[in-house]
Amino acid sequence: MDILRPATLSDIPFLWYLRNRPYVREVSRNSAPISWEEHVEWALPVVLGLTEKRLFVVETSGIPAGQLRFDMLGGGKAEVSAAILQEFQGRGLAKKALKEGMRKMKRQKVSEILATIHRDNTASQGLFEKLGFQKNARQKGPWLEYAVLMR
Ligand SMILES: CC(C)(COP(=O)(O)OP(=O)(O)OC[C@H]1O[C@@H](n2cnc3c(N)ncnc32)[C@H](O)[C@@H]1OP(=O)(O)O)[C@@H](O)C(=O)NCCC(=O)NCCS
C-alpha cells in the first residue's frame, strides 16, 4: 500500500539520504552535497511545523520511498518538489503522491501550484504535464516554470 504522510523527526536521516542521491542533486537548484549538520538545521523546524513548508514522506508497504514538499508562498500559491528513490521509480509512486498532495493543498485553500523543473529533466516534465501542469513562457536560465490552477 502506498501512502503520503507528514514527515516526522524520525524521517530526518532518510530525507538526508534521499536529498544527497546524485540523481536528486543533479536536478536541484543547489546541486552541492548537503552536510548532516546543514540538513538537520533545515529539516528540524520543517518537521516541527515551524515553517511555511509542508513536507511529506511517500511510503510504499511501510518503507519510505520518497518525499513531496510544498512551499507555501502566500496569496494562495505553493511551489512543489518531489523525489523518489531510484529503487522505487517508474511504479507510478510520484504521480499518486502528487495527486494526493494536491488534494491536501486544495483543502488548505491553495489555488495555484508551481513547479520549477530543469530543462533536461524530461521525466519530471512528463510527470507534471500528466498532472495538468502547463509550462509558462518564463524561463530562468535552464529552469522551466510550470503551474496548475486548482479547480
Ligand atoms: C521525477 C520523479 C519524481 C518521478 O518519480 P516516479 O515515481 O518514477 O514517477 P511515476 O512512476 O509516478 O511516473 C509518472 C510519469 O512521469 C513520467 N516519467 C517518470 N519517469 C520517467 C522517465 N524516466 N522518463 C520519462 N518520463 C518519466 C512519465 O510521464 C510517467 O507516466 P507514465 O508512467 O504513465 O509513463 C523521479 O524520477 C525522481 O525522483 N527524480 C529525481 C528528482 C526529480 O527530478 N524531482 C522532480 C523535480 S521537482
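**From one loop outward**

Modeller: Ser-61 sits in the loop between strands β2 and β3 (63-74); helices (H or I, at least four residues) and strands (E, at least two) are DSSP runs, numbered from the N terminus. The model is predicted, so local features need pLDDT of at least 70 and side-chain atom pairs count only at pLDDT 80 or more, while totals for chains, interfaces and linings use all residues. Residues are numbered from 1 along each chain as its sequence is written, and side-chain values use heavy atoms, with hydrogens and water left out.

Ser-61 is not a glycine, yet its phi is positive, about 50°. Most residues other than glycine have a negative phi. Ser-61 is exposed, with a relative accessible area of 57%; exposed means over 50%, buried under 20%, and partly exposed in between (1.4 Å probe, protein chains only). Lys-109 also has a positive phi without being a glycine, near 70°. Lys-109 lies in the loop between α4 and β5 (112-118), and is exposed at 71%.

Strand β2 (residues 53-60) brings us to Glu-59. The side chain of Glu-59 meets that of Arg-5 in a salt bridge, 2.6 Å from N to O; the term means a side-chain nitrogen of Lys or Arg within 4 Å of a carboxyl oxygen of Asp or Glu. Because Arg-5 belongs to strand β1 (residues 2-6) and Glu-59 to β2, the pair ties together parts that are 54 residues apart in sequence. At 13% relative accessibility, Glu-59 is buried. Asp-11 joins Arg-5 and Glu-59 in a network of salt bridges.

The structure holds 11 salt bridges. One of them links Glu-100 and Lys-104, with the closest N and O atoms 3.7 Å apart. Both residues lie in helix α4 (residues 93-107), 4 residues apart, which is about one turn of the helix. Glu-100 is partly exposed at 22%, and Lys-104 is buried at 18%. Another salt bridge joins Glu-145 and Lys-140 at 3.3 Å, N to O. Here Glu-145 is buried at 12%, whereas Lys-140 is exposed at 58%.

The largest share, 5 residues, comes from α5. In total, 19 residues surround the ligand, and the closest are Ala-82, Ile-84, Gly-90, Gly-92 and Asn-121; a residue counts as near when one of its heavy atoms lies within 4 Å.

A backbone N or O atom of Gly-90 lies 2.7 Å from an oxygen atom of the ligand, and one of Arg-91 lies 3.4 Å from a ligand oxygen. From Asn-121, a polar side-chain atom lies 2.8 Å from an oxygen atom of the ligand. The protein covers 72% of the 910 Å² of accessible area that the ligand has on its own, with areas taken from the Shrake-Rupley method with a 1.4 Å probe.

The space taken by the ligand is the largest pocket. On a 1 Å grid over the protein atoms alone, a pocket is an open set of points with protein on both sides within 12 Å along at least five of seven lines. A molecule sits in a pocket if more than half of its atoms lie within 2 Å of its grid points.

Terms used. A polar contact is a pair of N or O atoms within 3.5 Å; within protein, one must be able to donate a hydrogen and the other to accept it, and residues adjacent in sequence count only if both atoms are side-chain atoms. On a 1 Å grid over the protein atoms alone, a cavity is a set of points where a 1.4 Å probe fits but cannot get out, and a pocket is an open set with protein on both sides within 12 Å along at least five of seven lines; lining residues have an atom within 4 Å of a point.
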